[in-house]
Amino acid sequence: DLRLLRRVAVFTAPFTAGDAVDVAGFAPLDVAEIADGLGRLTEQSLLIGTPAAAGLRYRALETIRQYGIAALAAAAELDQTRSRHLAWCRAIASQLGSDDHGDRGAWRSRFDDIADDVRAALAWSAARPELRAQAHTLAGDLAALAFTRGLVGEAQQRYEQAADLAPTPIARIAALQLASSAAAGRLDGDAALRLRLLAAEAVARPGAR
């Protein structure tokens, strides 16, 4: 149960049992142990269970989360758990980006449910050179989702972040152009021009045809 508790501490927002399996379900924990463990941790008030449309969603108080993260580091499981959380966030963000937006209210709710976790995974991966390409992709996905959600300021910020993380000049130019368009959508002409000029500078660099 303590092993499960420290692994689910990487979630910053409420999560389902299925989410816990995706992130925390590596040896020696299996699916049955995770399902039973979540119930016991809730009974002991180490997790809080809240009914939702998809079933119970669990969350830990911030003090418990901080304990769990420290315990992950002490058990040498932090990088593996964070990596699985990153993979989960990338998959969820990609799926949400391709979802039908017909039911706007439901789509917005799904975004709001996972946004904080995606932001946390992005912050963690962006600080690691070996994960730079994954962070670039996640930043672009989050930018597009934020734009669709109406968070145009965050969309601009995340496109700029994607540009800074870009693995190639072409990817940097594309991200800067999207950031400029987001700035224009906010009627921030100064920022839009600044970002277009940065894109123009990038065109002159080797490898940017």
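This report describes aromatic ring pairs and helix packing in one structure.

The structure is a predicted model, in which local features need pLDDT of at least 70 and side-chain atom pairs count only at pLDDT 80 or more, while totals for chains, interfaces and linings use all residues. Residues are numbered from 1 along each chain as its sequence is written, and side-chain values use heavy atoms, with hydrogens and water left out.

**Aromatic rings**

A pair of aromatic rings is described by the distance of the centres and the angle of the planes. Rings of Phe, Tyr and Trp (its six-membered ring) pair if their centres lie within 6.5 Å, and planes under 30 degrees apart count as stacked, over 60 as edge-to-face and the rest as tilted. A search of the whole structure finds four such pairs. One of them is formed by Phe15 and Tyr58, which are tilted, with 6.0 Å from centre to centre and 35° between the planes. This pair links distant parts of the chain, since Phe15 lies in the loop between helix H1 (2-8) and helix H2 (17-24), whereas Tyr58 belongs to strand S2 (residues 55-59), 43 residues apart. Here helices (H or I, at least four residues) and strands (E, at least two) are DSSP runs, numbered from the N terminus. Ring pairs also join Phe11, Phe15, Tyr58 and Trp88 into a cluster.

The rings of Trp107 and Phe111 have centres 6.0 Å apart and planes at 10°, so this pair is stacked. Trp107 and Phe111 are separated by about one helical turn, because they stand four residues apart in helix H6 (residues 104-126).

| Residue | Relative accessibility and class |
|---|---|
| Phe15 | 2%, buried |
| Tyr58 | 9%, buried |
| Trp107 | 0%, buried |
| Phe111 | 1%, buried |

**Helix packing**

Axes are lines fitted to C-alpha atoms, for helices over the stretch in contact, and angles run from 0 to 180 degrees between N-to-C directions. H2 and helix H3 (residues 31-43) pack at an angle of about 130°, with their axes 10 Å apart. That angle makes H2 oblique to H3, given that angles under 35 degrees count as roughly parallel, over 145 as roughly antiparallel, 65 to 115 as roughly perpendicular and the rest as oblique. In this packing, Ala17, Ala20, Val21 and Ala24 of H2 meet Val31, Ile34 and Leu38 of H3, where contact means heavy atoms within 4.5 Å.

Technical notes:
Buried < 20%, exposed > 50% of the residue type's maximum accessible area, 1.4 Å probe, protein only.
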